[in-house]
Amino acid sequence: AIKHAMYCAAICNSCADACNAEQGDMSECIRKCSDCSDICQAVSTVAPRRTHGNTAVIKSLLEACILACKVCAEECAKHDDPHCKRCAKMCEEILADVRKALDTMDR
């Protein structure tokens, strides 16, 4: 999940940047991609820290990551641009990994 979060952060950031060059108002997509990128980056930074297992914070980040990825995937799926299609696919792929990580923390 951590590795997927790093990739997702990069892809979402790239999509937001590419949306800036698109015709029309892409501000909603840019916002959702930027938020998702930041949340995924936070997951990839905080989740690997296992000393004293701050599980409440990690669980909250994983839950936020699930929501951000779902919202971002839904928005990007509305667009035909290759960068949006790639971003939606990445966001959908990370969901299973993050859910699995969250489930293992509940044990």
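Reader: What makes the meeting of the K78 and E75 side chains a salt bridge?

Author: This is a predicted model. In it, a nitrogen of K78 and an oxygen of E75 are 3.3 Å apart. A salt bridge needs that distance to be within 4 Å. The pair therefore qualifies.

Reader: What lets side chains pair in this way?

Author: Side chains of opposite charge can pair when their charged atoms come close.

Reader: How many salt bridges does the structure hold?

Author: It holds six. One of them joins E75 and K32, at 3.7 Å from N to O.

Reader: Why is the pair of E75 and K32 said to tie parts together?

Author: Because the two residues sit in separate helices. E75 lies in helix 3, residues 55-76, and K32 in helix 2, residues 27-46. The parts they tie together are 43 residues apart in sequence.

Reader: Is E75 buried or exposed, and how do you know that?

Author: E75 has a relative accessibility of 6%. Buried means under 20%. So E75 is buried.

Reader: What makes K32 partly exposed?

Author: Its relative accessible area is 22%. Buried stops under 20%, and exposed starts over 50%. K32 falls in between, so it is called partly exposed.

Reader: Is K78 buried or exposed?

Author: K78 is at 59%. Exposed means over 50%. K78 therefore counts as exposed.

Reader: What does E75 touch?

Author: Leaving aside neighbours within four places in sequence, E75 is in contact with E28, C29 and K32.

Reader: What makes K85 and D80 a salt bridge?

Author: The closest N and O atoms of K85 and D80 are 4.0 Å apart. The cut-off is within 4 Å, so this pair is counted too. K85 is partly exposed at 39%. D80 reaches 71%, over the 50% mark, so D80 is exposed. Elsewhere, salt bridges that share partners join E28, K32, E75 and K78 into one network.

Reader: Why are helix 2 and helix 3 called roughly antiparallel?

Author: Helix 2 and helix 3 pack at an angle of about 150 degrees. Angles over 145 degrees count as roughly antiparallel. So the label applies to helix 2 and helix 3. Their axes are 9 Å apart, and their crossing is left-handed.

Reader: Which residues of helix 2 and helix 3 meet?

Author: On the helix 2 side they include E28, C29, K32, C33 and C36. On the helix 3 side they include A68, C69, C72, E75 and C76.

Reader: How do you know that helix 1 and helix 2 are roughly antiparallel?

Author: Their packing angle is about 155 degrees. That is over 145 degrees, so helix 1 and helix 2 are roughly antiparallel. Their axes are 8 Å apart. The crossing of helix 1 and helix 2 is left-handed. Among the residues that meet are C12, C15 and C19 in helix 1, and C29, C33 and S44 in helix 2.

Reader: Is C15 buried or exposed?

Author: C15 is found in helix 1. Its relative accessibility is 1%. That is under 20%, so C15 counts as buried. Beyond four places away in sequence, C15 touches C33, C76, H83, C84 and C87.

Reader: How far apart are C15 and D97?

Author: They are 82 residues apart along the chain, and their C-alpha atoms are separated by 21 Å.

Reader: What makes C19 buried?

Author: C19 is in helix 1, residues 2-19. Its relative accessible area is 2%, which is under 20%, so C19 is buried. Not counting residues up to four places away in sequence, C19 touches M26, C29, I30, H83 and C84. C19 and H83 are 64 residues apart in sequence. From C-alpha to C-alpha they are 8.2 Å apart.

Reader: Is S44 buried or exposed, and what does it touch?

Author: S44 lies in helix 2. It has 10% relative accessibility, under the 20% mark, so S44 counts as buried. Beyond four places away in sequence, S44 touches I2, A5 and M6.

Reader: What does the side chain of S44 reach?

Author: It reaches the backbone oxygen of Q41, at 2.9 Å. A polar contact has to be within 3.5 Å. The distance of 2.9 Å meets that limit.

Methods
Residues are numbered from 1 along each chain as its sequence is written. This is a predicted model: local features need pLDDT of at least 70, side-chain atom pairs count only at pLDDT 80 or more; totals for chains, interfaces and linings use all residues. Side-chain values use heavy atoms; hydrogens and water are left out. Helices (H or I, at least four residues) and strands (E, at least two) are DSSP runs, numbered from the N terminus. Buried means under 20% relative accessible area, exposed over 50%, partly exposed in between (1.4 Å probe, protein chains only). Contact means heavy atoms within 4.5 Å. A polar contact is a pair of N or O atoms within 3.5 Å; within protein, one must be able to donate a hydrogen and the other to accept it, and residues adjacent in sequence count only if both atoms are side-chain atoms. Axes are lines fitted to C-alpha atoms, for helices over the stretch in contact, and angles run from 0 to 180 degrees between N-to-C directions. Angles under 35 degrees count as roughly parallel, over 145 as roughly antiparallel, 65 to 115 as roughly perpendicular and the rest as oblique. A crossing is left-handed if the near helix is turned anticlockwise from the far one by less than a right angle, and right-handed if clockwise.
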